[in-house]
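Please keep the sequence and the 3D view open while reading.

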Amino acid sequence: MNLIKQILSITLTLILLLSFTNCSTAQKLQKEAPVQFGEVYCENWSAGVQGGGSGLNIFITVKEETNIILDSVYFRGKSAKLQLNITSDNYDYIGNFKTDINQSKDIILSSDRNEEYVNNMPKHITEMSFELKDNECVVSYFKGTEVFYYKISKVIQREPLHYPSSPRN
């Protein structure tokens, strides 16, 4: 009977240990850069008209053509899809984070739900499993069908862009 208790105890311990190792939600960061990154910087922007919006853009430059596809960026507690902009020398990826400042606040309330169709849905906040400083970001990328993550340090903060207001009539 004592032997059965010991075997049962060891079995339960192993099951618990294995279940805790599989429950980790933290993505593993790659140690080596998947591509040669150039300048990585961010800048705040705001529209010059009321309700025109504001936000922060992050720019990630890749120096050479590659089969790696950069997908998303995680920066300052938020995430954004990256958009590719090809220039003559580089492949620039841009992530756009909108802020609540200077956004249009018009909400249509009506008994007819079709009139309320133009209202924006509330934003769903996703939790990040990355612990990042203000000058660090994590890039997710595809290599084939597998997703990998790489942390970029020393993101440069540039002066904000303030777009001019619309001309007066």
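The chain has one helix and ten strands; helices (H or I, at least four residues) and strands (E, at least two) are DSSP runs, numbered from the N terminus. This is a predicted model, in which local features need pLDDT of at least 70, side-chain atom pairs count only at pLDDT 80 or more, and totals for chains, interfaces and linings use all residues. Residues are numbered from 1 along each chain as its sequence is written, and side-chain values use heavy atoms, with hydrogens and water left out.

**Overall layout**

- Read from the N terminus, the elements run α-β-β-β-β-β-β-β-β-β-β.
- The chain has 169 residues, and 27% of them count as buried. Buried means under 20% relative accessible area, exposed means over 50%, and partly exposed lies in between (1.4 Å probe, protein chains only).
- Among contacts between residues at least 6 apart in sequence, 59% join residues at least 24 apart. A contact means heavy atoms within 4.5 Å.
- The accessible surface of the chain is about 13,000 Å², and carbon and sulfur atoms hold 54% of that surface. Accessible areas come from the Shrake-Rupley method with a 1.4 Å probe; for residues, only the protein chains shown count as cover.

**Aromatic pairs**

- The structure holds five aromatic pairs. Rings of Phe, Tyr and Trp (its six-membered ring) pair if their centres lie within 6.5 Å; planes under 30 degrees apart count as stacked, over 60 as edge-to-face and the rest as tilted.
- Tyr41 and Phe59 are stacked, because their ring centres lie 4.8 Å apart and their planes meet at 20°.
- Tyr41 sits in strand E2 (residues 37–46) and Phe59 in strand E3 (residues 54–62), so this pair ties together parts 18 residues apart in sequence.
- Tyr41 is buried at 13% relative accessible area. Phe59 is buried too, at 15%.
- Tyr141 and Phe148 form another stacked pair, with 5.7 Å from centre to centre and 25° between the planes.
- Tyr141 is buried, with 5% relative accessibility. Phe148 is buried at 18%.

**Arg158: a ring and a salt bridge**

- Arg158 lies over the face of Tyr41, 3.6 Å from the ring centre. A charge sits over a ring if NZ of Lys or CZ of Arg is within 6 Å of the ring centre and within 35 degrees of the ring normal.
- Arg158 also forms a salt bridge with Glu39, and the closest N and O atoms are 2.9 Å apart. A salt bridge is a side-chain nitrogen of Lys or Arg within 4 Å of a carboxyl oxygen of Asp or Glu.
- This pair links distant parts of the chain: Glu39 is in strand E2, Arg158 is in the loop between strand E9 (156–157) and strand E10 (161–162), and 119 residues separate them.
- Glu39 is partly exposed at 37%. Arg158 is partly exposed at 33%.

**The salt bridges as a set**

- The structure holds three salt bridges.
- One of them joins Lys81 and Asp71, with the closest N and O atoms 3.0 Å apart.
- Lys81 is in strand E5 (residues 78–86) and Asp71 in strand E4 (residues 69–75), so the pair ties together parts ten residues apart in sequence.
- Lys81 is exposed, at 55% relative accessible area.
- Lys151 pairs with Glu136 in a salt bridge, with 3.8 Å between the closest N and O atoms.
- Lys151 lies in strand E8 (residues 146–152), and Glu136 in the loop between strand E6 (91–98) and strand E7 (137–143).
- Lys151 is partly exposed at 30%, whereas Glu136 is buried at 8%.
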